[in-house]
Amino acid sequence: MNTRNLNNFLALAKSLHFGKASEVCNVSVSALSRNIRQLEEELDVRLFNRDNRKVTLTNEGKTFLKYANEASNQWQLIRKELADNSGELQGKISLYCSVTASYSILFDLLNRFRPDYPGIEIKLHTGVPELAISRIAAGHEDICIAAHPNSLPREVTFKPLSMTPLVFIAPVNPLDPDVPISEPDSAEAWASVPMVLSETGIARNRLDEWFKAMGINPRTYAQVEGYEAIVSMVSLGLGVGVVPKIVLDNSPLAERIQILNVQPALEPFNIGLFTLKRNLKNPLVKAFWELIE
């Protein structure tokens with residue numbers, strides 16, 4: 001089978017950049033473009049919108065991406081199965097998690113996984129946790145490590161790993177000593193506290209609900225992407241933030257931070273593995289999944 005066009009499509013769908021995708025596929029930009037056009041002609045649909053500034057997937061392209069990921073995974077599995085009679089699992093699985101999770105959670109999992117499955121190659125992608133489940137649902141990754149949201153897509157399944165509190169943090173040495181940022185005791189006091197907030201995600205949603213329930217109109221100093229960035233800005237004395245405690249426990253800036261005893265406490269994070277239900281039919285994914293009792 002010639003899977004070249006399928007692999008070219010997957011590379012371009014991931015990078016949305018012809019130059020970057022051509023480097024990954026080790027072909028020229030013109031050859032990559034020609035292969036994509038050939039695939040579009042075979043399917044009789046347009047997979048990408050492209051102009052001089054950007055490349056985006058069409059709705060048909062997004063639908064085809066799910067098929068392409070599954071087809072590529074199955075192709076790799078059957079190749080390994082036919083080529084290797086040793087019974088040892090071989091192939092690749094892709095993992096996605098935050099930088100903090102990569103060394104606080106994934107490190108232990110890989111230490112247990114590697115001795116038993118040396119033939120399985122891990123492709124690790126790190127980024128903001130808010131994207132984790134959407135990347136699983138879109139078929140970009142096989143497994144991710146993240147916190148359980150209030151609801152999951154029906155096709156995604158979850159396996160719990162650990163719980164971690166969601167804590168209010170403040171600088172040990174505030175930048176402005178006149179700003180009361182140590183355990184405000186009233187809605188009026190909270191209104192004067194500069195807050196460093198997540199732009200989106202589970203923590204932001206829970207904090208917004210907490211402020212609403214407490215009748216507090218927060219003063220937003222900054223909105224950032226990623227919990228590590230919140231810890232960094234708070235450590236500089238710029239305000240109060242909310243992060244999972246596991247992030248603070250693994251931060252080199254932890255000594256510059258104090259945890260505020262704010263009540264009522266926010267709902268903790270339930271951290272675990274996520275994958276598509278159908279991915280558990282893949283023996284490589286199943287092997288990693290079964291690391292957790």
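Which residues line the largest cavity? Before selecting them, note that this is a predicted model, in which local features need pLDDT of at least 70 and side-chain atom pairs count only at pLDDT 80 or more, while totals for chains, interfaces and linings use all residues. Residues are numbered from 1 along each chain as its sequence is written, and side-chain values use heavy atoms, with hydrogens and water left out.

Select Val196, Leu197, Ser198, Ala203, Arg204, Leu207 and Val242, which line the largest cavity; a cavity here is a set of points on a 1 Å grid over the protein atoms alone where a 1.4 Å probe fits but cannot get out, and lining residues have an atom within 4 Å of a point. Strand 8 (194-198) and helix 9 (202-214) are the elements that each give two or more residues to this lining. The volume of the largest cavity is about 30 Å³, taken as the space filled by probe spheres set on the points.

Next, show helix 1 (residues 4-15) together with helix 3 (residues 29-43), whose axes come within 9 Å and cross at roughly 110 degrees. Helix 1 is therefore roughly perpendicular to helix 3, a term for angles of 65 to 115 degrees. In the contact (heavy atoms within 4.5 Å), helix 1 supplies Arg4, Asn5, Asn8, Phe9 and Leu12, and helix 3 supplies Leu32, Asn35, Ile36, Gln38 and Leu39.

Finally, move to helix 10 (residues 227-235), where Tyr227, Ile230, Val231, Met233, Val234 and Ser235 are buried, meaning under 20% relative accessible area with a 1.4 Å probe and protein chains only. Just after helix 10, Gly237 takes a positive phi of about 90 degrees.

Key. 1 Å grid on protein atoms, 1.4 Å probe; cavity = no way out; pocket = protein on both sides within 12 Å on 5 of 7 lines; lining within 4 Å. Helix = DSSP H or I, 4+ residues; strand = E, 2+ residues; numbered from the N terminus. Axes fitted to C-alpha atoms, helices over the stretch in contact; angles between N-to-C directions. Parallel < 35°, antiparallel > 145°, perpendicular 65-115°, else oblique. Buried < 20%, exposed > 50% of the residue type's maximum accessible area, 1.4 Å probe, protein only.
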